[in-house]
Amino acid sequence: MTTQEIVKPENLVYTKPSVMNDTTMHYCPGCSHGVVHKLIAEVIEEMGIQEETIGIAPVGCAVFAYNYLDIDWQEAAHGRAPALATAVKRLMPEKFVFTYQGDGDLAAIGTAETIHACNRGENIVIIFINNGIYGMTGGQMAPTTLEGMKTATTPYGRNVELNGYPLPITNLVALLKGTRYVTRQSVHTAAAVRKAKQAIRKAFENSKETRGTSFVEIVSTCSSGWKMTPVNSNKWMEENMFKEYPIGDLKNE
Amino acid sequence: MAKIEGRIVVNNERCKGCELCVVACPTNALALSKHVNNKGYNYAYMLHEEACIGCANCGSVCPDACITVYKVKNS
Amino acid sequence: MKEEVKLMKGNEAIAHAAMRCGCDGYFGYPITPQTEIMETLMENEPWKTTGMVVLQAESEVAAINMVYGGAGCGKKVMTSSSSPGMSLKQEGISYMAGANLPAVIVSVMRGGPGLGTIQPSQADYFQTVKGGGHGDYKMITLAPASVQEMADFTVLAFELAFKYNIVCVILADGIIGQMMEKVVLPPFQPRLTNEEIKQKYPWATTGKTPDRKRNVITSLELDSALMEQRNIDLQKKYHLIEENEVRIEEINCKDAEYLLIAFGASARICQKVIELAREEGIKLGLLRPITLFPFPTKIIKNHTEKLKGILTVELNAGQMVEDVRLAVNGKIPVEHFGRMGGIVPTVEEVLDATKNLIANIQK
């Protein structure tokens, strides 16, 4: 068959979700942020909750997430997104409320907010993008930076004596009775993307009930910070990040 | 026997040439073009369009939602 | 011996000066436009040479509290941040003021309010000079206008901090932090030994020995009479600083009829403005406060005798202009010209504003 014969509306199997607008995203080529934004948009569209969803954006590369998904957003101060989300959800319990945070936002400056929102069991979704580095400010060490990993503030590799260990924030959060669903996913292959989308869907479905927080970590790449091509970043992630942050459910109640 | 044929349409200007779709394609149908878009990126294109099975792996992994996938099943 | 001249960013100069002037510790957090300070320290690994501690903290709040802890031990410690991070530090700063602790903070201003922009501004003058934290306190505030001053003021800031047991802020902006200029770094000074600290700073928590009472670093005082006395003592200290530590730069002020008053990057722009104004026969001078606290109130008051008008030039909505008006006390017109949001005015814009001021006065 010819291209003209195949490319017809009735043959459409996949396209950009409508909740994601046409604004070109500012992320670097190959950045996991774009994939996760797309999955969140697909879930919101499929659940028909565009008017019911409020997103809380972080400080980090995804500070401009509010430019790309056509839902209402609030921009939080660095690390404080779970606090905003707590108030939004408690004051408007019929809404779907999610935070979207990087590793500095969620596990460095925002540690207290993260732990306490989860401990209170807020009925929200926390999306945690873990690429082990501070992208926006130029590639500095994050709490989740791997031992030996080079960054702008660990130019010779992270040294545990000086800087401590990679912080297993997701494991800590899973220990709390307030969380009901804690999972780790990735988006580096089509199969992984499908599983990650299912996890995000489950998290949003969970938040209809009042049984606690859903926490979805996406182990991700940062081509610019890691100084690798997107394809090589995925390989490096598989070989290194997955050892420290294994994919799978930590809790599913 | 039913044969599945697919095609993709890439938004060339939105594409950043990250090559993740090329790697994700199970039939090696894609490649980065020698041409560049307005931002200077070598956008992805169908090198072997007849090899496409419309699986949408490319669309799934694309970080910029540039890819629209079509599929026809014919006997 | 010939001094070595290097080329580097303002932020880098702070880091190099700190390593050379006996700084014991730096605690910081990434934020644009000052992250190079910490990156330069990490790259140079001073813990291997001078033993200086360098730590990336989990937040600016953590960092200022690390500084509090280190200062309480009599150590020369510092942190750096930019506007949103400085807002976070206000509680810690107030605590340090109340506890009479010495430390250095570098604040590299960016546009605000809120998350704002990463472009430069001078809109944290109030936050720094008037006290963004709670209570009656002040911090010595130095305003560098060059990479050389970034280096020199690091040394000066520690000297003043320990002379008065006060927090000393180096208040720069994104331009001074990011620009590259020639600099001669300060000569190397070793860190104090623990013995020297015990001798020089007997108030520090170095470990209670039988020969002295225990040292307690605190800002808590529930007895009102005692608390008032604490505040009176703090005010005495600030008056002493106002008498003795004012620093300014004056360009072409002797015969000036009109004065530009500006600090930091806007003073650099004004340098060119007075050149152009003089070419047109306008008797314009520039007074650049180097210390914003203590503010050159008396000096400005003295100038007022022979001036017809003053224009402050600031990258904000009008902050330092209030202190100038207080000094002038209504005697002559004082106006403000400013750009906000990270916009930096051109020399022509400032010259036009100056001419407007003059025209309005002459009406």
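Student: In which sense do strands β5 and β7 of chain A pair?
Tutor: This is a predicted model, where local features need pLDDT of at least 70, side-chain atom pairs count only at pLDDT 80 or more, and totals for chains, interfaces and linings use all residues. Residues are numbered from 1 along each chain as its sequence is written, with chains lettered from A and ligands numbered from 1 in the order in which they are written. Strands are DSSP runs of E, at least two residues, and helices are runs of H or I, at least four residues, numbered from the N terminus; two strands pair if DSSP finds at least two bridges between them. β5 (residues 125-130) and β7 (residues 213-219) of chain A share six bridges, and their sense is parallel.

Student: Which residue of β7(A) stands opposite A:Phe128?
Tutor: Look at β7(A), the partner of β5(A). Opposite A:Phe128 there you'll find A:Glu217.

Student: What is the strand order in the open sheet of chain A?
Tutor: There are seven strands in this sheet, with mixed pairing. The edges are β3 (72-75) and β8 (248-252) of chain A, each pairing on one side only. So that you can trace it across chain A, the order is β3-β2-β4-β5-β7-β6-β8.

Student: Which strands of chain A does helix α8 touch?
Tutor: Contact here is when the C-beta atoms of two residues, placed from the backbone, lie within 7 Å. Helix α8 (residues 190-206) of chain A packs on the sheet, and its direction makes about 160° with that of β6(A). Such angles run from 0 to 180 degrees between N-to-C directions, with axes fitted to C-alpha atoms, for helices over the stretch in contact. The strands touched are β4, β5, β6 and β7 of chain A.

Student: Which element gives the largest share of the side of chain A that touches chain B?
Tutor: The contact takes 28 residues from chain A and 29 residues from chain B. Elements giving two or more residues on chain A's side include α1, β1 and α8 of chain A. The largest share, four residues, comes from α2(A).

Student: Which residue of chain B stands opposite A:Leu12?
Tutor: Two bridges join β1(A) to β4 (residues 67-74) of chain B, and these strands run antiparallel. In β4(B), the residue opposite A:Leu12 is B:Tyr70.

Student: How many residues of α9(C) are buried?
Tutor: A residue is buried if 20 or more other C-beta atoms lie within 10 Å of its own, exposed if 12 or fewer, and partly exposed in between, with C-beta atoms placed from the backbone. Helix α9(C) has 21 residues and lies largely in the open, because the number buried is zero.
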